[in-house]
Structures are given as C-alpha cells and as structure tokens.
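Hello,

Here is the structure we talked about handing over. Please open it first; my notes follow below.

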Number of protein chains: 2
Amino acid sequence: MKRLIVDMDDVMADATGQFINYYEKEFGVRIDRTILNGKGEGEGFPENHSTIAEFPYRENFFRTMAVNDHCQEVLENLNKKYEVFIVSAAVEYPMSLSEKLQWIKEHFPFLTWKQIVFCGSKAIVHGDYMIDDLVHNLEHFNGEKYIFSAPHNLHLNHFNRLNNWKEVGEKFL
Amino acid sequence: MKRLIVDMDDVMADATGQFINYYEKEFGVRIDRTILNGKGEGEGFPENHSTIAEFPYRENFFRTMAVNDHCQEVLENLNKKYEVFIVSAAVEYPMSLSEKLQWIKEHFPFLTWKQIVFCGSKAIVHGDYMIDDLVHNLEHFNGEKYIFSAPHNLHLNHFNRLNNWKEVGEKFL
C-alpha cells in the first residue's frame, strides 16, 4: 500500500473559514473570502492582524472548524486503498492537540489513533504522496507533493495543484 | 546535521518507575523493579493487570514522571550536534498529549515545539538514528536502531543496546 499523508488545516478543515468566522464575531465585519487570495495566512484581513494571530490560541478554534466539502467520503475511500496518515503541525498550538483529536474522532470515525501525527516540523515524515496547503511543509517531502488550494497559496506554482476534495478523489481513487 | 530520533517513555522518562509508584499507591505494595525484567510491559506485576492498564489514562500519570538520570545534560549536548526529534507514540492516550508537552517544556527547555512529534505508528518518521525501548518502534526505522534498556526488553538481542544516558553520551557525543 502506498502511503498518503494528508494535512488538516485548510485541507481537511476549513481553517480559512474559521478565521473569517472569528473575525466577524470579534469585529462585526464579515469579509469576503476572495479578498484573502494571494495574501499570506492571516495577512489578507483589512486590519487587526495581531488579534487574528491570537485566534488559534482560543478555546474551540480547532474543535469547531467545518469539514471541507466531500472530504469525508473521499478520505474514507482513500483509507481503503492507501496507508493514510493525517499529519498536522499542531504542537505550535498546545491547546489544539486534544481539540484536533476530538475533531478527527467526530468527523472521521474510520481513522484510528495509529494514523494520526501531531508534529512541529513535517520534515520528519516520509511517504509516497503528501497533500498540504503550505509550501514549507511540502518542500522537504521525499514523495510526490500536491498543494491543496487555499487563499494564501493561489498565486504559487510550485507543485501539482488539487483545488478541492473532488479533485483529490479523481487523482487518487 | 544527522537526525537523531529519541523516544520519551522509558527512554527520557522513567515510565516503569511511574507504574511502580502508581501500583504502590493503589495496592500498598512496593514491588522491586528487577521482578519486571524480561516480562512484557505491565505484565511483570504480581496481579491486578487490568488496573495497571488503566494507569496511563489517569490525570498526571505522564506529567509527573521522573526524568531518567543524565538525560537532560546529555540531550542538551546532543541537541547542539544533531537534529534532535522527540517522537512519542502519545496519540493512544489522548490525555497524555498536553501532559507530555508540559513535561518536555519543564525538563527540556532547550527543545522547541518544532522538534516534538506525537504519533500513533512510528513507521512514518525517518532519520539517521533512533533510540527507543520498543522493538516494534525500531523495526520499521530506516536508520541505525538503538534499543534503550528497560525491564521489558532486557531479554532481547535485536539491536545495539544503550543501557543508560551515560552510554548514549559516549556513543553519540
């Protein structure tokens, strides 16, 4: 079985949407997702950048993220055909560890604890395929690299691109 | 820099000693560590095996483990010479995640969050050297494997053996 490594934030989970939700709760302004296109993570918001950087430290930020469309059914099928590992750079946000674990258990009950990796640097993992939204996670990977579209990476042309989970299914199933 | 992967329980931390402590608190009997030699993890205790298996789910079990002798100074020096990663199969015990992170921060302040990996299966990590007390963690590793002595592995002859942190220092520094 080939090993497929899948990221959480802005791949499985709509992290961008969660930032937009928290921004609206905090400042009463619902920003349009397209204004974030081509900007660094958190940098596309009109102002209050230091507050935005605090959102991931707040309780339930990771626990209540929406699942990206079609992720559940595609990943359930991938899990039958590949050795799937979920690899998340979660150690930066200590509170996220248990929230991310609960989130996976709720939305992806077919995954086991043996398939989950919470790390700092992803340079330590190896496999055949990696799907991630961040260039610095992909660039040290030994296998085939796929960038999953998120506003902060739309201007980049480093790797093969997957725009959504339907495209992930078409590519890998 | 060569990458050195180091396990936590029964390598950095005295997990065996913590089981003995919890056994004494629970049953009023202080067992001698040597009766555990050559027995599987948790199997060398005279009785109450189902209760022993619950200890790792109790609050503070991982947070209050003793640091193994000379681990701190040797690892601080290793950290200058190697790309050190701490890799712990912690996802099996969800409560251990934040406790292990706090434990590392308290006892090993020179390590950063980027160097910490909490996983299920260690088959996903790669590097040049791995120090671990469990055969099933070492056997899939691509680099040089070193078994760190613990009661449950003293009867095995699979890998190069390191008996304590002084020997780790002599080997790697």
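To compare copies, I superposed them by least squares on the C-alpha atoms of residues with pLDDT of at least 70 in both. A rotation of 180° with 0.0 Å of shift along its axis puts chain B on chain A, at an RMSD of 0.0 Å. That is the relation of a two-fold axis.

Two notes on conventions. This is a predicted model, in which local features need pLDDT of at least 70 and side-chain atom pairs count only at pLDDT 80 or more, while totals for chains, interfaces and linings use all residues. Residues are numbered from 1 along each chain as its sequence is written, and chains are lettered from A and ligands numbered from 1 in the order in which they are written.

The interface

Contact means C-beta atoms, placed from the backbone, within 7 Å. Chain B gives 20 residues and chain A gives 20 residues. Helices (H or I, at least four residues) and strands (E, at least two) are DSSP runs, numbered from the N terminus. On the side of chain B that touches chain A, α4 (96-107) and β3 (116-119) of chain B each give two or more residues. The most come from β3(B), with four. By class, that side has 12 nonpolar, six polar and two charged residues. Here Ala, Val, Leu, Ile, Met, Phe, Trp, Tyr, Cys and Pro count as nonpolar, Asp, Glu, Lys and Arg as charged, and the others, Gly among them, as polar.

The copies meet through the same surface, because 100% of the interface residues of chain B are also interface residues in chain A. Strands pair if DSSP finds at least two bridges between them. Strand β3 (residues 116-119) of chain A pairs with β3(B) in the antiparallel sense, over three bridges. A:F118 stands opposite B:F118 there.

Within chain B

β4 (residues 129-132) and β5 (residues 144-148) of chain B pair in the parallel sense over four bridges. B:D132 has B:I147 as its bridge partner in β5(B). β5(B) also runs parallel to β6 (residues 160-162) of chain B, joined by three bridges. There, B:F148 is partnered by B:L162.

Helices α3 (residues 71-81) and α6 (residues 165-172) of chain B pack at about 20°, axes 9 Å apart. Axes are lines fitted to C-alpha atoms, for helices over the stretch in contact, and angles run from 0 to 180 degrees between N-to-C directions. B:C71, B:V74 and B:L78 in α3(B) meet B:W165, B:V168, B:G169 and B:F172 in α6(B). That contact has six nonpolar, one polar and no charged residues.

Best wishes

Terms used
Two residues are in contact if their C-beta atoms, placed from the backbone, lie within 7 Å.
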